[in-house]
Amino acid sequence: MAESLLTLSGVHTHIGHYHILQGVDLVVPRGELTMLLGRNGAGKTTALRTILGLWRASAGTIRFESGNIAQRDTPAIANLGIAYVPESMGIFAGLTVRENLVLAARRGPPDEKRLDWIFRFFPPMKKFWQLPAGLLSGGQKQMLSISRAIIEPRKLVLIDEPTKGLAPAIINNLIEAFAELKQTDTTILMVEQNFHAAKSLGDSVAVMDAGRIVHAGRMADLAADAALQTRLLGLSLEAHQ
Amino acid sequence: MKRIDWIPPALLLAIVLGALAMIGSPSTWVTLTVAGLAMGLLIFIMASGLTLVFGLMDVMNFAHGLFIAIGAYVAASTIRLFAGAAGADSFLANLGAIVPAMLAAAAAAGLLGLAFERIIIKPVYGQHLKQILITTGGMIVAEQLIHVFWGPDLLPLPRPATLRGSFLVGDVAIEKFRLIAVVVGLAVFAAMLLLLNRTKIGLLIRAGVENKEMVEAMGYRIRRLFVGVFVAGSALAGLGGALWGMYQESVTVHIGASMMVLIFIVIIIGGLGSIGGCFAGALLVGLVANYVGFLAPKIALGSNILLMVLVLLWRPQGLYPVSKQ
């Protein structure tokens, strides 16, 4: 297995009176796409938000490269090279596609070659370059949200349910885009409910339940073991193909 | 290409043309229209900062009127310092008095805004009830401090010599100072549009008004941006206070507080956090106040409340709602 880029050790997160993460131990290998699976309410989104500092870990360590980022604030964490695609997509509806991407490019104006690379994945971004993002379709908004995350080379991209609510044709398009993104050096931690996508893209996998990691291993192994899928997720990947 | 919602401008135009039909006399209509535009643009200068502060950080600052009052008092004191230039019979010499007065007013209000944000606002982020209580309390304390520095009496703020009186164009009388207010108001609006649409800071402000969490997740420190917006908004309120004081030709400690109802109406009508909405709302309020004051003086007092009710029945999120996440 590749070396670890991100390691969560005994991470707890409280939101108000609720104890959501209850000692998460997770290793995200460098250069791989790690799938974070689990039933609704298992704590997957909270885990991503805690890594980025949007929720503050109440205990435990989050090591990114060599430093503990558990108590750093969100902008400082993002500036380490971590991008986030939230479940809500988080696009700025009143800003154009161009303005959304300009804002995401921290190092200056977006690089032309990088833009061409993104346009190859997501042609609507070029077509609707000057259109307010609020007027895009659901799939196009998701494309924009992902484009923002990869407008510059990132060390780690956190992606929360990118295929949620999208048409099958668009999901296939996204899967192809992520497959190509995997060929770069980018490490990805993705929460996904679509098992076809998870199986197609995941190198490694971690399964959450009740605020803890209950399984970690290779995605291929989980995909091949129907009994394990049923035990961990309450369903079989085969049934979703 | 950005799509502009032309319905609010069309509504404004309809009101202006409808007023012409109801008033009958074109000269009276022109006078009232210029007065309405001047009033609206002055309110816009004072309100624009508050709408961004609310939109960006959900901060309910009931002490915004304080910055207006400080601007007016500092302008009055500065004009006294430049009494020679203010009293001269030359427009350029007069500018030599009112420009320093406006700059000093904006600078003083901006500095006060910086201190106010650090001491009063910062401890109550995200707590609306406490924001209302502490900013109202802060305003009361600050008004007493104004009494200490400038005294409790009404302070005269005479307009410079060449800005008194009116131009006569045919039989239309247009107050000179109102034209100055229109020019400054349009300049401020143009500058804000340029800033918000052509600079990265402007993009950040617009993005932050929509979804500040996502802006932080991109690596930007929204709190620093907010402090900048708060200071700029306070400075604009100070500038507006200076102009409003000259418009009234006197200053009292309540000059800001008395404007707050109109300012809140404008930012609610416009859509919280929307500069375009604030501009359209301010013009709407200014024009309607002047037309109704002439046509039906008995209902003038409540006309702006009625206007707000009608606009919110039509567009509950305001003329130009900001999509929030």
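L310(B) sits in helix 13 of chain B, where helices (H or I, at least four residues) and strands (E, at least two) are DSSP runs numbered from the N terminus. Helix 13 (residues 300-314) gives the most to a nonpolar surface patch, with five residues. This is a predicted model, so keep the cut-offs in mind: local features need pLDDT of at least 70, side-chain atom pairs count only at pLDDT 80 or more, and totals for chains, interfaces and linings use all residues. Residues are numbered from 1 along each chain as its sequence is written, chains are lettered from A and ligands numbered from 1 in the order written, and side-chain values use heavy atoms, with hydrogens and water left out.

**The patch on chain B**
- The patch is made up of V261(B), I305(B), L306(B), V309(B), L310(B) and L313(B), which together have about 570 Å² of accessible area.
- Patches take residues with over 30% relative accessible area and no salt bridge; like charges are joined within 9 Å, nonpolar side chains (Val, Leu, Ile, Met, Phe, Trp, Tyr) within 5 Å.
- Accessible areas come from the Shrake-Rupley method with a 1.4 Å probe, and for residues only the protein chains shown count as cover.

**Chain A overall**
- You get 10 helices and 10 strands in chain A, and its C-alpha atoms fill a box of roughly 45 × 40 × 35 Å along the principal axes.
- Some 55% of the 241 residues in chain A count as buried (buried is under 20% relative accessible area, exposed over 50%, partly exposed in between, with a 1.4 Å probe and protein chains only).
- Chain A exposes about 9,800 Å², with carbon and sulfur atoms supplying 52% of that.
- Where they touch (contact means heavy atoms within 4.5 Å), domain 1 of chain A brings 13 residues and domain 2 of chain A brings 12.

**Helix 8 of chain B**
- Helix 8 (residues 200-210) of chain B is largely enclosed by the rest of the structure, because nine of its 11 residues are buried.
- Among the buried ones are L203(B), L204(B), I205(B) and R206(B).
- Their cover includes helix 3 (97-104) of chain A, plus helix 2 (26-57), helix 7 (176-198), helix 9 (212-217) and helix 10 (222-248) of chain B.

**Salt bridges**
- Over all chains there are 16 salt bridges, each a side-chain nitrogen of Lys or Arg within 4 Å of a carboxyl oxygen of Asp or Glu.
- E180(A) and R120(A) pair up at 2.9 Å, N to O. E180(A) is in helix 7 (residues 168-182) of chain A and R120(A) in helix 4 (residues 112-121), so the bridge ties together parts 60 residues apart in sequence.
- R315(B) and D5(B) form another, with the closest N and O atoms 2.6 Å apart. That one links the segment after helix 13 of chain B to the segment before helix 1 (7-23), 310 residues apart.
- R315(B) counts as buried at 16% relative accessibility, whereas D5(B) is partly exposed at 24%.
- E3(A), R30(A), E65(A) and K155(A) are joined in a salt-bridge network.
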